[in-house]
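This briefing is meant for a reader who is meeting the structure for the first time.

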Amino acid sequence: MFQEMRKIPKTIILCILAEILNFLTVYIFYLTLNIPLFFDTIWTVAVVFYLGLVPGLCVSLGYNIINTLLWFFQEGFFDPFMLSFSICGVLIVLSTWLIARQKSEFKISITVTILYLVLIALLSSFCTIIAGGIIDFFHYKHYEISDMMNPIKKFTESFLHQRFDLLPSCILAQIPISFLDRLLATFAGFGIYKLLDRFLEKR
């Protein structure tokens with residue numbers, strides 16, 4: 001009981017750091033280097049592996065709430081659809097935790113670990129492709145979406161130019177970006193988790 005209580009401050013500190021590092025990662029890779037990927041869940045995935053479901057959900061929801069508020073203060077208007085992307089974040093955390101909680105399975109071999117990570121990437125990307133595509137569909141219906149807000153806007157527009165309807169365009173545009181983003185975030189998050197587990201658990 002006492003040991004569990006001692007873990008709470010550590011968990012809170014790590015979640016706050018993960019939140020800050022998520023924003024820093026987005027700033028470096030997306031806003032500065034203009035790489036058209038999301039980069040906003042790497043540290044969330046690490047938290048899911050290291051701390052579990054609830055902390056992962058807190059980091060994910062916290063990121064989307066803070067990001068929506070930052071956009072409001074920057075642009076001067078509230079976009080409710082930005083907050084709705086928290087659905088994607090929750091689905092990513094749930095699909096990652098569903099497999100990541102079986103930590104003993106990851107220790108069988110490197111091959112098994114890689115297969116599990118690819119499975120997480122496939123499952124979480126499928127969730128974000130469908131959910132993100134539907135959210136984008138309604139987003140396009142009600143707002144003019146800037147390029148900075150949506151890294152897949154050009155992909156969506158290319159499908160629209162091919163005379164696809166808006167909904168399938170929004171969903172299809174998610175596929176290349178979401179899968180690559182989930183693959184990178186899953187492997188990077190797992191790598192960060194292994195570093196945390198190696199260095200922090202020794203103390």
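The loop between α1 (2-32) and α2 (42-51) is where Asn-34 lies, and Phe-39 lies in the loop between α1 and α2 as well. The model is a predicted one, and the points below are grouped by topic.

- Most residues other than glycine have a negative phi, and most peptide bonds are trans.
- Asn-34 has a positive phi of about 60 degrees, although this residue is not a glycine.
- Phe-39, which is likewise a residue other than glycine, has a positive phi near 60 degrees.
- Asn-34 counts as exposed because its relative accessibility is 58%, over the 50% that marks an exposed residue.
- Phe-39 counts as buried, because its relative accessibility is 10%, under the cut-off of 20% for a buried residue.

**A residue of helix α1**

- Ile-16 has its place in helix α1, and with a relative accessibility of 48% Ile-16 counts as partly exposed.
- Between Ile-16 and Glu-75 there are 59 residues of separation in sequence and 25 Å in space, taken from C-alpha to C-alpha.

**Helices α5 and α7**

- Two packed helices are described by the angle between their axes and the distance between the axes.
- For helix α5 (residues 86-100) and helix α7 (residues 110-142), the axes come within 9 Å and the crossing angle is roughly 160 degrees.
- With that angle, α5 is roughly antiparallel to α7, because angles over 145 degrees count as roughly antiparallel.
- The crossing that α5 and α7 make is right-handed.
- On the side of α5, the residues that meet α7 include Ile-87, Leu-91, Ser-95 and Ile-99, while the residues of α7 that take part include Tyr-116, Ile-120, Leu-123 and Ala-131.
- Sorted by class, the contact of α5 with α7 has 14 nonpolar residues, five polar residues and no charged residues.

**Helices α8 and α9**

- Helix α8 (residues 153-161) and helix α9 (residues 166-199) have axes that come within 8 Å and cross at roughly 135 degrees.
- That angle makes α8 oblique to α9, and the crossing in which α8 passes α9 is right-handed.
- In α8, the residues Phe-155, Thr-156, Phe-159 and Leu-160 meet a set of residues in α9 that includes Leu-166, Cys-170, Ala-173 and Ile-177.
- The residues of the contact between α8 and α9 divide into nine that are nonpolar, two that are polar and none that are charged.

**Nonpolar cores**

- The largest nonpolar core has eleven residues, among them Leu-14, Val-45, Phe-49, Ile-99, Phe-106, Ile-120 and Tyr-193.
- Two or more residues of this core are given by each of the elements α2, α5, α7 and α9, and the largest share, three residues, comes from α2.
- Tyr-193 belongs to this core, and, when its neighbours within four places in sequence are left aside, Tyr-193 is in contact with Ala-46, Phe-49, Tyr-50 and Lys-103.
- Apart from this core lies another core of nine residues, which includes Leu-37, Ala-173, Ile-177 and Ile-192.

Definitions and conventions: Residues numbered from 1 in each chain as written. Predicted model: local features only at pLDDT ≥ 70, side-chain atom pairs only at ≥ 80, totals over all residues. Heavy atoms only, no water. Axes fitted to C-alpha atoms, helices over the stretch in contact; angles between N-to-C directions. Helix = DSSP H or I, 4+ residues; strand = E, 2+ residues; numbered from the N terminus. Parallel < 35°, antiparallel > 145°, perpendicular 65-115°, else oblique. Left-handed = near helix turned anticlockwise from the far one by under 90°. Contact = heavy atoms within 4.5 Å. Nonpolar A, V, L, I, M, F, W, Y, C, P; charged D, E, K, R; others polar. Buried < 20%, exposed > 50% of the residue type's maximum accessible area, 1.4 Å probe, protein only. Core = buried A, V, L, I, M, F, W, Y, C linked by side-chain atoms within 4.5 Å.
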